[in-house]
Amino acid sequence: MSTQFSRRSLLKALGIGVAVGLSPTLARAVTTTVPHVIVVGGGFAGATAAKYLKMWGGLGVQVTLIEANPTYASPILSNLVLNGQKTSAELSFGYASHNQKYGVNIIHATVDSIDKVNQSITLSDTQTLSYDRLILAPGIDFMPVVGHDFDKVPHAWKAGAQTDLLKTQIDAMADGDAFVMTIPAAPYRCPPGPYERACVVADYLKNSKGFTNCTVTVLDANPGITVEATTFGNAFTGYSVTYIPSAVVQSVNSDTKTVTYSVSSGSAQTLTAKTLNVIPNQKAGQIIFDAGLNTVDGNWAPVNPLDYQSTLASNIHIIGDSQGTGQPKAGHIGNSEAKVCADAVLRSLNGDQPDPAPKTNSACYSPISSTTASWLTAVYEYDSGTQQMVPVPGASYPASEGATTNNYRNMFNWSGNLFADTFA
Ligand SMILES: Cc1cc2nc3c(=O)[nH]c(=O)nc-3n(C[C@H](O)[C@H](O)[C@H](O)COP(=O)(O)OP(=O)(O)OC[C@H]3O[C@@H](n4cnc5c(N)ncnc54)[C@H](O)[C@@H]3O)c2cc1C
């Protein structure tokens with residue numbers, strides 16, 4: 001991506017001869033004369049976009065990141081909180097670098113509404129802010145399940161308090177107790193993540209707790225394991241996990257920890273567990289629906305993958321899990337989409353066209369036990385014929401070696417790099 005050209009040209013057009021490295025105070029001093037980009041959501045997608053907009057745009061762009069929470073709880077590696085290999089605190093990130101190193105303005109509030117005509121947003125603290133470009137990265141929301149009370153039956157698919165609650169419930173299990181989890185229908189956040197969770201929990205109960213009589217049951221809404229089927233299938237056999245495909249959740253009794261489900265067109269069945277982990281079906285973050293940026297019958301936001309601009313509204317871009325390009329919903333590729341989007345937004349502010357051939361990539365590492373992991377990678381490129389991002393032949397595959405200790409070590413190198421690229 002010729003981002004340097006974009007940035008230089010932008011600065012030149014604005015008559016600003018200096019770029020990054022100047023203090024946020026100086027950056028703020030020129031805010032009335034430079035375009036304002038607002039980024040909503042400080043997860044892997046939004047935090048990366050805000051950082052790279054300032055890294056590449058320098059004083060030629062004013063960037064405000066609006067994030068509901070003061071710290072971000074990474075879902076990536078959060079299954080390792082369940083088996084005690086990580087703590088939630090170790091997977092928490094703040095936004096000090098964004099502000100102090102890059103000059104991003106940070107506001108901790110919720111965006112309540114978007115005025116697409118006047119290009120402004122209203123925050124939960126009633127502030128109204130105007131934008132030249134708006135980048136939305138609000139992650140996912142959940143489809144309702146009858147009777148599902150997250151405080152009693154955690155999903156733990158947004159990390160932090162939910163992950164800690166699930167860990168507490170797992171740690172309260174005794175030998176002979178049942179763990180039941182449900183896997184949402186695709187597309188959902190992190191394709192291998194639920195299968196990885198079943199393995200981590202089964203390993204923890206068996207090999208860390210030393211329980212020989214606990215059961216682990218997986219109710220999968222999909223007709224089969226969606227990714228890395230051999231690795232997860234072998235692990236399920238090794239851990240004696242009961243795997244039930246095409247299992248559609250109908251309701252939950254959160255007090256008795258009972259899930260009612262049906263398989264194909266069969267009659268309803270129930271399972272009761274000591275620990276029940278229901279991960280509901282998913283859709284784009286709520287602000288996408290509130291702003292009318294989803295398709296009428298769709299759960300995700302349609303965008304042009306060249307610049308992630310909404311096909312339903314000008315100057316609004318949507319990246320990360322909420323976007324509906326068909327690329328996986330994962331943090332690594334959200335970080336990648338953010339860079340394509342930041343580059344395209346800077347080019348557009350400069351009157352230039354986006355890169356006509358963007359590429360993105362994805363990687364998911366999956367712990368299978370407390371010492372082994374597997375991985376899956378994918379590279380996508382823009383296909384001008386279909387105007388879609390499509391997998392690059394031969395560049396998208398799972399680890400052929402399956403779960404290894406070497407992969408487990410590499411998982412921390414990979415995640416450390418991703419965390420630093422997003423938050424440091
Ligand atoms: C167990 C597990 C394991 C995973 N492992 C991997 C992996 O190995 N590799 C990988 O690439 N991905 C992995 N993922 C997926 C990854 O965590 C998500 O895909 C990623 O977090 C999505 O990033 P995002 O920025 O789109 O959304 P999020 O990370 O959810 O960030 C969205 C942010 O927006 C904020 N927000 C939402 N609405 C508003 C609003 N209206 N106003 C203000 N703020 C708002 C939220 O507070 C949140 O901080 C895993 C996920 C799980 C659950």
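**Note on the ligand shell and some local features**

1. Strand β22 contributes the most residues to the shell around the ligand: three. Strands here are DSSP E runs of at least two residues, helices are H or I runs of at least four, and both are numbered from the N terminus. This is a predicted model, in which local features need pLDDT of at least 70 and side-chain atom pairs pLDDT 80 or more, while totals for chains, interfaces and linings use all residues. Residues are numbered from 1 along each chain as its sequence is written, and side-chain values use heavy atoms, without hydrogens or water.

2. The shell holds 34 residues, and the closest are Glu 67, Tyr 72, Arg 189, Asp 321 and His 332. At least two shell residues come from each of α3 (44-57), β2 (62-67), α10 (331-349) and β22 (359-367). By class, 19 are nonpolar, 11 polar and four charged.

3. An N or O atom of the Val 111 backbone is 2.9 Å from a ligand nitrogen. For Phe 44, a backbone N or O atom sits 3.2 Å from a ligand oxygen. For Lys 329, the corresponding distance to a ligand oxygen is 3.5 Å. The ligand taken alone exposes 1,000 Å², and the protein buries 93% of that. These areas come from the Shrake-Rupley method with a 1.4 Å probe.

4. Thr 231, Phe 232, Ala 235, Phe 236 and Tyr 239 are buried. They lie on the same side of α8 because they cover an arc of only 130° around the axis. The arc is taken from the directions from the helix axis to the C-beta atoms. Thr 230, Asn 234 and Thr 237, on the other side, are exposed. Buried means under 20% relative accessible area, exposed over 50%, and partly exposed in between (1.4 Å probe, protein chains only).

5. Ser 374 belongs to strand β23 (residues 373-383). Ser 374 is buried, at 0% relative accessible area. Its side chain makes a polar contact with the side chain of Glu 228, at 2.5 Å.

6. A cis peptide bond links Ala 186 and Pro 187, with omega about 0°. Pro 187 is in the loop between β11 (178-183) and α7 (193-208). Ser 246, between β13 (242-244) and β14 (247-253), has a positive phi near 55°. Asn 315, between β20 (309-310) and β21 (316-318), has phi near 65°.

Notes. A residue is near a molecule or strand if one of its heavy atoms lies within 4 Å of it. A polar contact is a pair of N or O atoms within 3.5 Å; within protein, one must be able to donate a hydrogen and the other to accept it, and residues adjacent in sequence count only if both atoms are side-chain atoms. Ala, Val, Leu, Ile, Met, Phe, Trp, Tyr, Cys and Pro count as nonpolar, Asp, Glu, Lys and Arg as charged, and the others, Gly among them, as polar.
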